[in-house]
Amino acid sequence: MSKSPIHSGDIVVFNVEGRDIPIVHRVITVHERRGTGEINFLTKGDNNKGDDRNGIYASGQQWLQHHHIIGRVVGFLPYAGWVTIILKEKPVIKEISGTLPVTGKQVHPKDFPASALCTLCLKISFVWEKDTVH
Amino acid sequence: MHSFGYRANALLTFAVTILAVMCTMASFSDNLNAPSPTADVQVLNINWFQKHPNGNDEVSLTLNVSADLQSMFTWNTKQVFVFLAAEYETPQNSLNQVSLWDGIIASKEHAKFWIQTTNEYRFTDQGSNLRGKEFNLTLHWHIMPKTGKMFADKIVMTGYRLPEEYR
């Protein structure tokens, strides 16, 4: 994640205790404490009526801190997420296509040019295979 | 080497790479656009200004927001997310940004607008520092593309001030 500070308006990816899927919402409020530099964030889904305190955060949680946040959105790659959804829902496809190395781990920008557009945790990496076999 | 799996993999990787190249070109075309937005915000009224039992100040405002963001729309624009944030500092916090209102502009026709509204989200401080506070109102916009890089910018309007006393 780039080092520039997170300000209101940035769309961030964060984890909430008790949820296994990270949430991608926009930061609407920022309070940065003098001295300690500790920052409290409040987020909200653009189309939601209310902020994430009702329903998204853990019970009793009012703010997000830096350690909750794992990434920031810089761009969109349409339909790329469908591959992870298909693989999650139909694991048989992973087994059949033994030659297709799809990892569940980090995105590697050097392998997949368009992933440089998106530091979201969309977890796909393809291998562009050269003809090494005759 | 010529198995079905190998060929399917090669085809899929090639297709996705082409898709990525097309998305990059579409996104690049957004750089050729030179937007010229204008915006103005007035605080029409301070509706109320109180300190909560938990010690935090809160104020309710009626605002007049007018803006012309039509020059931001390109063929690759899905929507523009626009929001107004109050920014100020306090002895306790070096930075506070509180979003007061937001809207989604789905098309160029709707991008020139004038609205009068009370703040959609609560203007609450961490603590009780808002009396007589000077603050900026910043209109931010995020241009969400159909594909590619997202652009964001803002106009900062200074010179707003909250009342000295609760009311």
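1. Helices (H or I, at least four residues) and strands (E, at least two) are DSSP runs, numbered from the N terminus. On that basis B:Asp125 lies in the loop between strand 6 (123–124) and strand 7 (134–145) of chain B.

2. The model under review is predicted: local features need pLDDT of at least 70 and side-chain atom pairs count only at pLDDT 80 or more, whereas totals for chains, interfaces and linings use all residues. Residues are numbered from 1 along each chain as its sequence is written, chains are lettered from A and ligands numbered from 1 in the order in which they are written, and side-chain values use heavy atoms, with hydrogens and water left out.

3. B:Asp125 deserves a comment. This residue is buried yet has no salt bridge; buried means under 20% relative accessible area, exposed over 50% and partly exposed in between (1.4 Å probe, protein chains only). A salt bridge is a side-chain nitrogen of Lys or Arg within 4 Å of a carboxyl oxygen of Asp or Glu. The nearest side chain of opposite charge is B:Lys133, 7.4 Å away; Lys and Arg count as positive, Asp and Glu as negative, and His and the chain ends are not counted. Leaving aside residues up to four places away in sequence, B:Asp125 touches A:His31, B:Asn56, B:Asp57, B:Tyr88, B:Thr90, B:Asn96 and B:Leu130 (contact: heavy atoms within 4.5 Å).

4. At the interface, 37 residues of chain A are in contact with 42 residues of chain B. The area buried between the two chains is about 3,400 Å², with carbon and sulfur atoms giving 57%; buried area is the accessible area (1.4 Å probe) that two parts lose on being put together, summed over both. Two salt bridges are found across the interface of chain A and chain B. B:Asp102 forms a salt bridge with A:Lys44, and their closest N and O atoms are 3.9 Å apart.

5. The count over all chains comes to seven salt bridges. In one of them, B:Arg122 meets B:Glu58 at 2.9 Å, N to O. This pair links distant parts of the chain, 64 residues apart: B:Arg122 is in the loop between strand 5 (112–118) and strand 6 of chain B, and B:Glu58 is in strand 2 (residues 57–68). B:Arg122 counts as exposed at 56% relative accessibility, whereas B:Glu58 is buried at 4%.

6. B:Glu134, B:Arg161 and B:Glu164 are linked in a network of salt bridges. B:Arg161 meets B:Glu134 at 2.9 Å, N to O. The two are 27 residues apart, with B:Arg161 in strand 9 (residues 151–161) and B:Glu134 in strand 7 of chain B. For B:Arg161 and B:Glu164 the closest N and O atoms are 3.1 Å apart. B:Glu134 is exposed, with a relative accessible area of 55%; B:Arg161 is partly exposed at 45%, and B:Glu164 is partly exposed at 47%.

7. Seven aromatic pairs are found over all chains. Rings of Phe, Tyr and Trp (its six-membered ring) pair if their centres lie within 6.5 Å; planes under 30 degrees apart count as stacked, over 60 as edge-to-face and the rest as tilted. B:Phe81 and B:Phe83 form a tilted pair, 6.0 Å centre to centre with 45° between the planes, and both residues are buried. Ring pairs also link B:Tyr88, B:Phe123, B:Phe135 and B:Tyr160 into a cluster.

8. Charges over rings complete the note. The charged end of A:Arg53 sits over the ring of A:Trp63, 4.6 Å from its centre, and that of B:Lys149 sits over the ring of B:Phe151, 4.5 Å from its centre. The criterion is NZ of Lys or CZ of Arg within 6 Å of the ring centre and within 35 degrees of the ring normal.
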